[in-house]
Amino acid sequence: MSTRGSYGQQVPDLTRRSNGSQGIVPSRQSATNLVRERHEFTRLQLIDDEQNFSEELPNYMQNKWGLEDSGFNYDVVAVFGSQSTGKSTLLNRLFGTRFDVMNEGQRQQTTRGIWADRGTDSMPVLILDVEGTDGRERGENQDFERKSALFSLAISEVLIVNMWETMVGLYNGANMGLLKTVMEVNLQLFGGNRNSKTLLYFVIRDHVSSTPLSSLADTLSIDLQRIWDGLSRPDGLANAQLSDYFDVRFTSLSHKTLQPENFERQALDLRRQFTDKKSDDYVFQPAYKRRVPADGFPRYAQAVWEKVVSNKDLDLPTQQELLAQYRCDEIAATAIGPFREAVESLRPRVQRGQIVDELGDVSRKARTQAIGAFDEQAARYHSEVYQKKRAAFVQTLDSELHAMFLNQVKNALTLAAETFSSQGFRALEEGADEGRGFNETVGAVRVHMEEQFIATVRALAVPGVSWSFESEIEQLEAQLEAIMEKLRKAEMERVLERLRRDARDAVAESVAEHLGNPDDGMWAGVMAGFDAACVQADSQLINRMDAAGVEPQARSALVRKLHQLLWDDAADVLREEVADQMVLLKLRTALEDRFRYDAAGLPRVWRPTDDIDAQFATARSAAQALLPKFSKVDISGSIKLRRPADFFPAGYDFARTLVLISPARAREVGKRFGREADALYLEAKRAMVTTQNQVPMWVIALLVMLGWNEAMTVLFNPIYLILVCLIGGAAFVVHNLGMWGPLLRTVNGLAGMANDHVHHLLVEAVNRTEPGRPGAKASTVGSGSDNRLARKSSSVRISEDIELEPLGEGNMASSSAGLTDTDNSSRYVSRSNSGFISS
């Protein structure tokens, strides 16, 4: 950790001082040590612990600090607070000074008297480090504390009141008693001077709790106002207000050890308020100037101190009062022990977030016993001191109880919100299954949570203490209302989804019915179905919104959102219905209905006299005319959609949803339909040709007359009859299945295979009967497998030399014509083959 020195170098903090004005023993390089020693000697003990004012102030103003010629261009700031609260550390961080800080290993007084120094980085600011109050070294002697506080308040433009967060709300811990005395004497001594104010800047240290700074500031402000109202004002100042003499500002710093990063960042931000004159929250405002020139400040400060020291109002209290204070403090310390022991046993459970049911009873009992024990012994002492100490003792008890009670209330608040959220969703689902309304289900759970929270708060009531948890109750109401709104929104989402699902089924049925039978009233029927679904959905939604208590503005938004969902679903159904395949099917169906069927709905049988071209052209034109109708939704037949701006939410692109088929896609679908229509046209043409090529009836009669004898033979011969029936049945099946083409290709293939097979047999026969060919001898020698192999190889070689023409139909003997006449053996083979074939 480091702060900036007077020349801008980074130098470590000083944690101890040897003999007042002596510096730290050098431990680094000489240049750094010179800077440290120079800055060490710029500090001045302005007032020592014997209440002596230093005569060296003029010398320091001129030679050490260089402020004597500043005129009015300088500022004075002092720090005030309890001992060991980090006042010197705070000043070092803010102004780069080198005031001694406490050694963490020795919790003892560090600053004695009042020390002064100038801020680094050419800051024209004189800083006063005042001895801490409530130190054990001085004990009950509060004389110097009061005088030093009054002196600081009188000469400083800004008085930094340094305190721990835990001191807020305490009377003595926050030095409120000392502030009261100082303010009262300040009015008496310097009350007539209203030319300038003093800024009381409360710096709350170690702010680690969840309590916001605003709450801590409100507590301190109330305490300050209460102190001011109780002051004894001199004549002429009876109506003086706190704001006439003081401005109050608050800030907080995180824990220096536990949250070092936050502490450094916040300390730098606080330093900026003292250094940046352009900042909106710059603290040294003209209203706080004392209007004392710098060269006259030493004499002015000494005169103020002399007047403070000589004032009798700051003398020590009487012995009787001193004894009463001492004994009351002892009695309070003894009486508070059992109270804390009883309460502390419950604190861990409360801090863990539990709801401790016995907290109220135990706390009230412990508080009553502690106050009784204090009154029993302390009432014998000085009455005024006793009353003040008793009030402070009760305030201490109540402060500790209030902190724990507030924690209990916050636990109850958190538990109520979480329970309402979980049980509300569960009750909403169960109520939806049982048909109950929103208010009936969720409202009952909310009432139960509120009653449970109020019961927890009432259990913490303490007689004689006016604690109010109204803010927590209001916070509970706000949280429950927010959760209620979430539940209401979830309920409405569920209702919208169910209405959307029901309406989609109805719209899908209407779309399928009308687009399946397209005509001029197609879109009017679809829009009528959509309007009917919207009317029914709107009616059900209004009933559910009435049951849920939806606000008027939200009701309109929900209705418009429902309309958008319904139309989106309808548009999706329409796009599915006009997909490419679906549109092609519809167009082809329309074409077939007009082309293949007559006006009576009977299938057409085309005759040569029919004008098939005109019929086809008319049917195709009528079918193609449906494609533009399918491309865009016609909403002219809808009552609901005539004013889309009033029907849908703002910004909804309704026109885009009306286009179902883009122009490019429509052209592609038109081309595909044209190809399918042409195929249908060719099919009709082929049917007409088939009808025209039928055999005339007179030819059939002539065939019957000429084939009478053969027919009688077949009819009276069982074998022929069965054979004819089998052949006729097979032909009938083949014809009905349209398999004549595959059958003819199969027969041709089998005939080719048979032709090839016979060809190879003839070749082998010729090779076996021709001994003069090479290898023929080898084919006759040997036996067994070797002979077979030889014959095979010989046949292969011979077959390579002999070429036969393919066999013709019914003329296998002509294969011998391909043999040459030059070889006798070949002719012999040819004749042999011819004889073989003839046989």
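**The paired strands and their surroundings**

Modeller: Residues 24 or more positions apart account for 75% of the contacts in the protein with a separation of 6 or more. The model is a predicted one. Its secondary structure comes to 30 helices and 9 strands, and buried residues make up 40% of the 839 residues in the protein.

The account may begin with strand E6, residues 125–130. Since 6 of its 6 residues are buried, strand E6 is largely enclosed by the rest of the structure. In a regular strand the side chains alternate between the two faces of the sheet. In E6, Val 125, Ile 127 and Asp 129 point one way, while Leu 126, Leu 128 and Val 130 point the other way, and all are buried.

Strand E5, residues 114–118, pairs with E6 in the antiparallel sense over 5 bridges. Within that pairing, Ile 114 stands opposite Val 130 of E6. The hairpin of E5 and E6 has 6 residues between the strands, and in this hairpin Asp 121 takes a positive phi near 60°. Strand E4, by contrast, runs parallel to E6, and 5 bridges join the two. Here Val 79 stands opposite Asp 129 in E6.

Strand E4 covers residues 75–81 and is also joined to strand E7 by 5 bridges, the two running parallel. The bridge partner of Val 77 in E7 is Val 158. E7 itself, residues 158–164, is mostly covered, with 6 of its 7 residues buried. From E7 the pairing continues to strand E8, residues 198–205: 7 bridges join these strands, which run parallel. Within this pair, Val 161 has Phe 202 in E8 as its bridge partner.

Helix H4 comprises residues 143–155. At 1.5 Å a residue, its 13 residues should span 18 Å, and its end C-alpha atoms are 19 Å apart, which agrees. Because 13 of the 13 residues of H4 are buried, this helix is largely enclosed by the rest of the structure.

A relation across the sequence involves Ser 152 and Val 304. These two residues are 152 residues apart in sequence and 9.7 Å apart in space, C-alpha to C-alpha. Val 304 lies in helix H9, residues 297–310. With 7% relative accessibility, Val 304 counts as buried, because buried means under 20% relative accessible area.

Two packed helices are described by the angle between their axes and the distance between the axes. Helix H18 (residues 580–595) and helix H19 (residues 612–624) pack at an angle of about 145°, with axes 8 Å apart. Their crossing is right-handed. The residues that meet include Leu 587, Leu 591 and Phe 595 in H18 and Ile 612, Phe 616 and Ala 619 in H19. By class, this contact of H18 with H19 has 9 nonpolar, 1 polar and 2 charged residues.

Methods:
Residues are numbered from 1 along each chain as its sequence is written. This is a predicted model: local features need pLDDT of at least 70, side-chain atom pairs count only at pLDDT 80 or more; totals for chains, interfaces and linings use all residues. Side-chain values use heavy atoms; hydrogens and water are left out. Buried means under 20% relative accessible area, exposed over 50%, partly exposed in between (1.4 Å probe, protein chains only). Helices (H or I, at least four residues) and strands (E, at least two) are DSSP runs, numbered from the N terminus. Two strands pair if DSSP finds at least two bridges between them. The expected span of a helix is 1.5 Å times one less than its number of residues. Axes are lines fitted to C-alpha atoms, for helices over the stretch in contact, and angles run from 0 to 180 degrees between N-to-C directions. A crossing is left-handed if the near helix is turned anticlockwise from the far one by less than a right angle, and right-handed if clockwise. Contact means heavy atoms within 4.5 Å. Ala, Val, Leu, Ile, Met, Phe, Trp, Tyr, Cys and Pro count as nonpolar, Asp, Glu, Lys and Arg as charged, and the others, Gly among them, as polar.
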